Each structure stands twice: as C-alpha cells, then as structure tokens.
Amino acid sequence: MRGGEEGWGAQWGTGEDKRDGGCVAARGGSGGARGGESRGAREWMARGAGGGARAARAGNGQDGRSGRRQGGKRRARGRKGGGQGSKSRRRAELHTEGDSLEDEPKHVAICAAAALLACINLGTVIGHVAARAAGNSWDLLASCGFVGLAGLVAYAFADFATGVYHWGVDNYGDRNTPVFGYQIDAFQGHHKSPWTITERGVFNNVHKACVPALPLLGLMAVCNSFIAPELMTFLNVFFVSVIMSQEIHKWAHMLHPPALVVALQDARVLLSRKVHGLHHNSPFEGNYCIVNGWCNQFLDRIGFFRKMELFFFKLNGAVPNTWLLEESLRQR
Ligand SMILES: [Zn+2]
Ligand SMILES: [Zn+2]
C-alpha cells in the first residue's frame, strides 16, 4: 500500500488503558477493502493485551515485509524497551530515509530559537496591554479579555489548520513530491506503524514544524511595535500550537502520557486518544485535526474534506488516497 513513516496507536485499547479503546474498537470493522495494517491494529484494539499483541505482531510482520520490498526503509528498536510500556514491546519503524528518533543538538537549537522568539512576542503583548491600560484596572481587564479571546480563536484555528495540512499530506503525493515529500512520507507511513511516534524525542518530534515558523516568529518580534497585541497573540498562539501539534499528537498515541496531559486530554483541551483513534482506521478519511480536535466533528459532519477532494479532482484530476482505499467516498 502506501509508503511512509511512523506512528499511532496500536496502543489504544490494549487492555492497559480502557478509557477509549472500546469506542475506537467499535469504530473498526466497517469497510471492506481496507489495509492489512489497519485490520491488525483493530484486532489489537478489540482484544486484550495478550491477544492484541499477537495480532499487532502479525500486522507488523506484514508491514515489515512490504516495507522491505519498497526498499530504503530501516527499523530501529525502541529506546528503553519500547518507551511506552515494556509489557507490549513494539518495534519503532522508520520508513523515511534519513529519519531518526533521537534528539540531536540541531533539533534542540531550532526549538530553543522558536521558544525564545515566542517568549519575546509574549513579552511584547504583556508590555502593550500594560501600556494600554495605564493603571486603569477596567481597561486592563478589557485588554486581557480581547487578548485572551484572540488566543482562544487562534488555538481553534490552529486545530483547523493542522487538519487541512494533515488531510493534504495523507492524501496527495509521495516521498518524491517536491518540498513536501518528507512530510508526506512521514504522515502516510504513520498509518502503517503509528506507535513509532511515541519513541521520538521531544525536540526531534517538534523541530520540523519550527523551521517554517521561525522566520515568521522572527518577523513578528522585529515588527512588534506595529502589531496590535490581539493580532500578536493570535499569531503567536497559532504558531506555537502548530509547532506543538506533533507532540500533542504523540501524547494522543501514548499509553501513559504525563498526568497533566491526561487531565488536559480528558478536558478536551488537548487532542484525546479517543478522538485521534477515530482517524486511525482505513481509509483514514476523517478526524484530521490534531491540536485539540475541536474542529473534527464539525468538519466531518459537513463533509468538508470530501468537498475539498471533489474540488481538486475537478480542478486537476487528483485522486485522494481515501478514494483509492474506499471507493464509496468518491460519491460523497
Ligand atoms: Zn496518529
Ligand atoms: Zn493520517
């Protein structure tokens, strides 16, 4: 099937965590012409830890063989005995040439630069709000309200933006596509060995999104005196949310994320395992948004991505991968 890289959740519903597994497993089972790796994953989810592990290992074998046939792929053993849960040891599979799981100094440097610029921009917002209020507590309250609203809208918009991007790289192109080939390979491969993402270092996972955001965050820092605090907040929150989306995505695949993350997932402030689990069923046709998942239900209900697919099909004849996996989606 499709080539590519890494990581979701055979972890879901392994029996170690029953919070969401049942719902995800219930979602499985529809669709006839579906990928072997998804069947393996659904079996994992539907069974307990023991039986599920066997099903996933069988799925892995299938994927691995097809992976070797495609060539150029390599595997790495998960660090620390599989990172997430030694009970269900899994192999982290790297499908993308030149990829690695470890944090490297350049990853840390790129992330640190982005964090520094975001902090400078945040400091600018605080300075502007304080200057605007000029000691008047009502003005201060009003300014904080507008800035907070701008941040909230940006957080929701970032969810939408990651959904559109995720849909694009899931459905069009391959590793040879100019500019986006690496990302396309990574996202499409994530469906084949979704657990790999849980083995990635934080900086390794996040730095790729920092690269395009860095010049924009830098431009904001340079032009800060010309940008209203509400707009500055919107842009800052948007870029930081998009940068963090892959780490949030990683948390949604982990069996045991940090306690604070679990609380935020349960409060739907961060993308939950349940919501993202719905994406990981072939033909991977919905639930693309990966910041907080707020937009997923609405976009899927109105058929947003089917409309986009139809638009591009009529424009240039491009057939999305979802249609190849599920012919009936073409009709919607
Ligand atoms: Zn995923
Ligand atoms: Zn996907």
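Helix α5 is followed by Gly 173, whose phi is positive, near 80°. Helices are DSSP runs of H or I with at least four residues, numbered from the N terminus. The model is predicted, so that local features need pLDDT of at least 70, side-chain atom pairs count only at pLDDT 80 or more, and totals for chains, interfaces and linings use all residues. Residues are numbered from 1 along each chain as its sequence is written, and chains are lettered from A and ligands numbered from 1 in the order in which they are written.

The expected span of a helix is 1.5 Å times one less than its number of residues. For the 35 residues of α5 (residues 137–171) this gives 51 Å, in agreement with end C-alpha atoms 51 Å apart. The 21 residues of α7 (residues 202–222) should span 30 Å, and the end C-alpha atoms of α7 are 28 Å apart, which agrees.

Helix α7 has a kink of about 45° at Ala 213, shortly before Pro 215; the bend is the angle between axes fitted to the seven residues ending at a residue and the seven starting there. Among the buried residues of α7 are Phe 203, His 207 and Leu 217, where buried denotes 20 or more other C-beta atoms, placed from the backbone, within 10 Å of the residue's own. The cover of these buried residues includes α4 (105–133) and α8 (229–251).

Helices α7 and α8 pack at an angle of about 170°, with their axes 8 Å apart; axes are lines fitted to C-alpha atoms over the stretch in contact, and angles run from 0 to 180 degrees between N-to-C directions. The two helices are therefore roughly antiparallel, a term for angles over 145 degrees.

Technical notes
A residue is buried if 20 or more other C-beta atoms lie within 10 Å of its own, exposed if 12 or fewer, and partly exposed in between; C-beta atoms are placed from the backbone. Two residues are in contact if their C-beta atoms, placed from the backbone, lie within 7 Å. Angles under 35 degrees count as roughly parallel, over 145 as roughly antiparallel, 65 to 115 as roughly perpendicular and the rest as oblique.
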